[in-house]
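The following questions and answers go through a single protein chain. Please look at the sequence and the model together while reading.

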Amino acid sequence: MKTGMVRRILGITALALWVVVVCSMSLDEGVKIAYQLDGWAFGTALILTPVYAIMLTIHIGRGKHWLIRTAAWLGCAMVIYICGVLFFVSTMLTDHRAWSNKDYVVYSEFDGLIESRILVLYRREGLIDRKMYRLRCEDWGQNEEPEYTMYVPLDLIKEEFTYSPYFESDSICHATAFYRLSDGHLYGQDKNDSLISLINNQ
C-alpha cells in the first residue's frame, strides 16, 4: 500500500474518531456512550493524530524551502505536544468502567479533587448508559476490586470488594455493603446479616 494511501486512511480514521468524541461531549449530563466507546475513540485519536501529523509534515516539506519545512515541523511538534498532554491528563481524569453486566454498569468517576473518585451506577439502554445514582467514594484503600450482584425482585444490590488499607499494603480486607436498587439507599452494616438471610431464602 502506498504511503499516500496510508496517510489518507489515517487522517480519515482520526477525523472520524474526533467526531465520535465531540458527539459524546454533546450528550446530556448523566449519559455516556455504552462500552466506553467514546473513551476508546479519544485514546485512539490521540495516538493516530500525531502519526498522521508526522506523515503529513514529511509530505508537505518534501522539496520545499527550509522555512516552509521548519514551520511545518513546528506545527507538527505542537500537535504532538497537545496530544501527549491530553493523553496524560485523560489517564488520570477519564471515567473508567469498574464493573458491568448486561443491564448495569458501574463507573469510577473523577470527583473534581486530586485522587478523589466515586463509584456511580448506570443503567444500560441500548448504545447509551444512563446515570442512576452515586454509590460511594473510593476511599477504603488501594486496589479495590468491586463486584456487584443485582437482586431485582428484592430491590437490592450487594456490593463486595477487596482492598489494601492505606499504609498497610500487606493486608487484604474484604467488605460487603447493600444498597436499595431503586434509589441507591445504603443500608447500615447492622442490616447485613438479615439481608444475606433474605437473599438466601428467596
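The questions below concern helices, cores, a surface patch, ring pairs and backbone angles.

This is a predicted model, in which local features need pLDDT of at least 70, side-chain atom pairs count only at pLDDT 80 or more, and totals for chains, interfaces and linings use all residues. Residues are numbered from 1 along each chain as its sequence is written, and side-chain values use heavy atoms, with hydrogens and water left out.

Q: Which residues touch the most other members of the largest nonpolar core?
A: A nonpolar core is a set of buried Ala, Val, Leu, Ile, Met, Phe, Trp, Tyr and Cys residues joined through side-chain atoms within 4.5 Å. Buried means under 20% relative accessible area, exposed over 50%, and partly exposed in between, with a 1.4 Å probe and protein chains only. The largest such core has 13 residues, and those that touch the most other members are Val106, Leu121, Leu135, Tyr148, Met150, Ile157 and Leu181.

Q: With which residues is Ile157 in contact, leaving aside its neighbours within four places in sequence?
A: Contact means heavy atoms within 4.5 Å. With neighbours within four places in sequence left aside, Ile157 is in contact with Leu121, Tyr133, Tyr148, Thr149, Met150, Ala177, Phe178, Tyr179 and Leu181.

Q: Is Asn192 buried or exposed?
A: Asn192 is placed in helix α4 (residues 192-200). Not counting residues up to four places away in sequence, Asn192 touches Thr176 and Phe178. Its relative accessibility is 9%, so Asn192 counts as buried.

Q: Which residues does Leu17 touch, not counting residues up to four places away in sequence?
A: Leu17 is found in helix α1 and is buried, with a relative accessible area of 16%. Between Leu17 and Ile58, which are 41 residues apart in sequence, the C-alpha to C-alpha distance is 23 Å. Not counting residues up to four places away in sequence, Leu17 touches Ala41, Thr44, Ala45 and Leu48.

Q: What separates the C-alpha atoms of Ala14 and Leu48?
A: Ala14 is also a residue of helix α1, and it is buried, with a relative accessible area of 5%. Not counting residues up to four places away in sequence, Ala14 touches Leu48 and Thr49. Although Ala14 and Leu48 are 34 residues apart along the chain, their C-alpha atoms are separated by 5.9 Å.

Q: Which helix gives the most to the nonpolar patch?
A: The nonpolar surface patch covers about 900 Å², by the Shrake-Rupley method with a 1.4 Å probe, and includes Met78, Tyr81 and Phe110. Met78 counts as partly exposed because its relative accessibility is 48%. With nine residues, the element that gives the most to the patch is helix α3 (residues 66-93).

Q: Why is the pair of Trp18 and Phe42 edge-to-face?
A: Rings of Phe, Tyr and Trp (its six-membered ring) pair if their centres lie within 6.5 Å; planes under 30 degrees apart count as stacked, over 60 as edge-to-face and the rest as tilted. By this rule there are three aromatic pairs. The ring centres of Trp18 and Phe42 are 5.8 Å apart and their planes stand at 75°, so the pair is edge-to-face.

Q: How many residues apart are Tyr107 and Tyr122?
A: The rings of Tyr107 and Tyr122 have centres 5.1 Å apart and planes at 80°, so this pair is edge-to-face. Both Tyr107 and Tyr122 are buried. Tyr107 lies in strand β3 and Tyr122 in strand β4, and the pair links distant parts of the chain, 15 residues apart.

Q: What is the phi of Gln36?
A: Most residues other than glycine have a negative phi. Gln36 is found in the loop between β1 and α2 and is buried, with a relative accessible area of 15%. Its phi is positive, near 55°.

Methods. Helices (H or I, at least four residues) and strands (E, at least two) are DSSP runs, numbered from the N terminus. Patches are made of residues with over 30% relative accessible area and no salt bridge: like charges are joined within 9 Å, nonpolar side chains (Val, Leu, Ile, Met, Phe, Trp, Tyr) within 5 Å. A salt bridge is a side-chain nitrogen of Lys or Arg within 4 Å of a carboxyl oxygen of Asp or Glu.
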